[in-house]
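Here is a short note to read with the model open. Take the points in turn and find each place on screen.

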Amino acid sequence: MSYDISISVRPLVEYVYRSGSITSGFRTNATMHEGTRIHQSIQKTYAETDQKEVFLTADIQHEELLFHIEGRCDGLIQLNGEWTIDEIKSTAAPLSDLGEGLQVHWAQGKMYAYMHAKAQNLPRMQVQLTYVRTGSGEQRKLLEAYTFEELEAYAHEIVAAYAPYADMLRIHEEERNHSIEALPFPFPNYRAGQRKFAGAVFKTIQEGAGLMAKAPTGIGKTMSTLFPAVKAMGAKHISKIFYLTARTTTRATAEEAFARMQAQGLHVSSVTITAKDKICFKEEEACDAGKCSLCEGYYDRINGAVLDIMTNETIMTRPVIEQYARKHRVCPFEYSLDIAYAADAVVCDYNYIFDPRVSLKRLMEDQKKKTAVLVDEAHNLVDRGRNMFSAELVKSVFLGIKSEYKTANEGVSRAAGEVNSFLLAVKNNCNADGRIIQSELPEALIQKLEKFVETAEIELVTGTAASRVSVEAQEELLSTYFAAQNFIRMAKFYDERYLTYAEIIRSDFKIKIFCLDPSELLRQAGKGYRSIIHFSATLSPMNYYRDMLGAGEEDYTLSIPSPFNKDQLDVRLVPVSVRYNDRERSKQVIAKLIQQVAEERPRTNLLVFFPSYAYMQEVYDAFTQEQGQGIDTVIQQSFMSEEERDAFLQAFQPHPERTRLAFAVLGGVFSEGVDLPGDRLNGVIVVGTGLPQIGMENNMLKDYFNKTGRNGFNYAYVFPGMNKVLQAGGRLIRTEEDEGVLVLIDDRFTQEPYRSLLPEEWREYELVNPASL
């Protein structure tokens, strides 16, 4: 019996020759813009009979595995009367450092040569590696000729080296599909609305469509999406699942869902990608590719490390990855990325799908077509998307690099100086408020940044000035290089949905290309995936989120009503103005109201949310001056470590000896993605409608949406603000048994459009006369 394996040439040879990074220890796609230009410039020199971007395919049998291999070579040209594969590679490194060419590049060329020779029945072919140095355009060509027999033997060697990994995936897939077929829903019963939600997710994936789903807090959204997605995998509609989150807390919920299904017999491999700064063993070793022993020789050990963990583990959370990373002496972050390409399910941040800077670029188009993307708490993707596609630069760092590298690397110093001079000229043209806003892209700046990136990359790769500048200067060059590269990358997206603004900030100056509307870019980033499921308890109003998240006309919309009894929630509305100018007068009223609720409900847990840290502190101070007996208060700090956040939440335990009253900020880490079921939380007080502060960027958004025929104030202020309110109030009722009090403090809640944006179960509130407090 033969098993089919489909794979592209590049991932095949990269697996076999992992140490193929052209920049050796400086892993980046930094010159993608320059690399594309170089490829095109070389291809323009081809003769009329030559071909570029040629699609090739071949089948190779290895024992029980039949490999379907495909790929696209850069050039198929005639040299000295013979057909030749031309592989074009750009590099910032000196061409002399490449020796006789990297093995992975020869492997790629030889595989293409074999595929073409086999298809055309050719007795021999040539392979040419064309190396081009960025910046200078210097070229070096390496040429080798091979007989068909040599190419065929080599292709079979490559496949044989990859076969153990492919066979491991095949065995796993058989066991996985068998386990999915027998998998029951991992709870005794579906909650109200949960079966409908799960059915809609399965149907959406089955049809290859998209879904925008508003499902209430407490319905079990994670399992309602993961369970049907896993079933769709068993039905062979998909072969991979991405579960995207904005927060660490919701990542843990997805891990728990996989663990629960595993307890029911599921055999699916899932990996959680943890941010590099959190998972890095920097406390044990310096996090530097040139110094860290986990990075040095990484590619020599990674294949064995991936095979080991994939053979012996299914749910690969951070502790599991760290354990195997130490065992095999590999960087845990890079390790998790390599595992992600092999795993059935990936739990990670939005960035890995939508952000062009960090997305998993080795995920081929044919894999995307078999992948479902589940976007948890999708309301967060609007602002996150806007940030992903914006970029900014600060003038002072270029001035610093100019000075630091003046004698150490004249080219770097000059390029940084030109950027600094451009920004200085813009600064001198600012208006009386120290700002400039324009709708055009600063093309002259982009050109200067491209020159800076080229010279900086050569320095970062070669390190010619490293011994003459401080470590801090080298780190500044690296971070500025990435910032400049990002600015150039985002400039390629620039259209009518962008504005450029610059402003003086104290003694410094920044310039930003600001993405006003990320919807089209989010749509493009999600293109090619079989299905994208956006879901949240607060996709309200739905038309706004369909608009801002780039939903297509053919995408489905689903709204599940709350499954909970209205009697579980005691809603009160206090029509007090908490607008900025009224806060001094209102803080005593709010402090008294908090005291009243706390006295009504002794030995309970209460959370109070405020629109800002400053206002929270004012009310906290007013409250603690008159605080009654039997109340413990705690206040959220602006910068809290993960351990401090965990301690903050762990203190919410059922039936405390004294009432626990916590002060927190709307839109902060405790206002969403936090699960405090039962008597861990008995009441929530929300102060204000959550509107963002009036500011330049928000006003730019307002003006943009007004110009495009939408309500600018609602899009920039009301809808994002009310989402924070809905999220905060949603912390309260999490299960069928929960009950509690929800107090809304702001007179705007009685007005439109705010009242209509409240959930139906919140609208039957008791109106509290503030004069009675």
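1. Arg-247 counts as buried because its relative accessibility is 18%, and the cut-off for buried is under 20%. Keep in mind that this is a predicted model. Arg-247 sits in the loop between strand 8 (240–245) and helix 7 (248–263). Which residues does Arg-247 touch, leaving aside its neighbours within four places in sequence? They are Gly-667, Gly-668, Val-669 and Glu-672.

2. **An exposed alanine.** Now look at Ala-182. This residue lies in the loop between helix 4 (148–181) and helix 5 (194–207). Ala-182 counts as exposed because its relative accessibility is 58%, and exposed means over 50%. Ala-182 and Leu-266 are 84 residues apart along the chain. Their C-alpha atoms are separated by 8.3 Å.

3. How many residues of helix 11 are buried? The count is 11 of 11. Helix 11 spans residues 332–342. Its buried residues include Phe-333, Leu-337, Ile-339 and Tyr-341. Glu-334 and Asp-338 are also among them.

4. Strand 2 (residues 51–62) and strand 3 (residues 65–79) run antiparallel. They are joined by 11 bridges. Leu-56 stands opposite Gly-71 in strand 3. The hairpin has two residues between the strands. Glu-63 in this hairpin takes a positive phi near 55°.

5. Strands of a sheet pair through backbone hydrogen bonds, either parallel or antiparallel. Which pairing does the open sheet of four strands show? The pairing is antiparallel, and the strand order is 13-16-15-14. Strand 13 (391–394) and strand 14 (435–438) are the edge strands, and each pairs on one side only. From one strand to the next, the twist averages 10°.

6. Strand 13 and strand 16 (residues 508–515) are joined by four bridges and run antiparallel. The bridge partner of Glu-392 is Lys-512 in strand 16. Helix 18 (residues 471–491) packs on this sheet. The helix touches strand 13, strand 15 (498–505) and strand 16. Its direction makes about 140° with that of strand 13.

7. **Two packed helices.** Two packed helices are described by the angle between their axes and the distance between the axes. For helix 24 (residues 696–707) and helix 25, the angle is about 145° and the axes are 6 Å apart. From helix 24, the contact includes Leu-701, Lys-702 and Phe-705. From helix 25, it includes Phe-713, Tyr-715 and Tyr-717. By class, this contact has six nonpolar, four polar and one charged residues.

8. **A pocket.** Rolling a probe the size of a water molecule over the atoms shows where empty space is left. The second largest pocket holds about 520 Å³ of space. Its lining has 20 residues. Which of them lie nearest the centre? They are Arg-583, Leu-691, Pro-692, Gln-693 and Ile-694. The lining has 10 nonpolar, six polar and four charged residues. Helix 25 (residues 712–729) gives the most to this lining, with three residues.

Terms used: Residues are numbered from 1 along each chain as its sequence is written. This is a predicted model: local features need pLDDT of at least 70, side-chain atom pairs count only at pLDDT 80 or more; totals for chains, interfaces and linings use all residues. Side-chain values use heavy atoms; hydrogens and water are left out. On a 1 Å grid over the protein atoms alone, a cavity is a set of points where a 1.4 Å probe fits but cannot get out, and a pocket is an open set with protein on both sides within 12 Å along at least five of seven lines; lining residues have an atom within 4 Å of a point. Grid points are joined across faces, edges and corners, and a volume is the space filled by probe spheres set on the points. Ala, Val, Leu, Ile, Met, Phe, Trp, Tyr, Cys and Pro count as nonpolar, Asp, Glu, Lys and Arg as charged, and the others, Gly among them, as polar. Axes are lines fitted to C-alpha atoms, for helices over the stretch in contact, and angles run from 0 to 180 degrees between N-to-C directions. Contact means heavy atoms within 4.5 Å. Two strands pair if DSSP finds at least two bridges between them. Buried means under 20% relative accessible area, exposed over 50%, partly exposed in between (1.4 Å probe, protein chains only).
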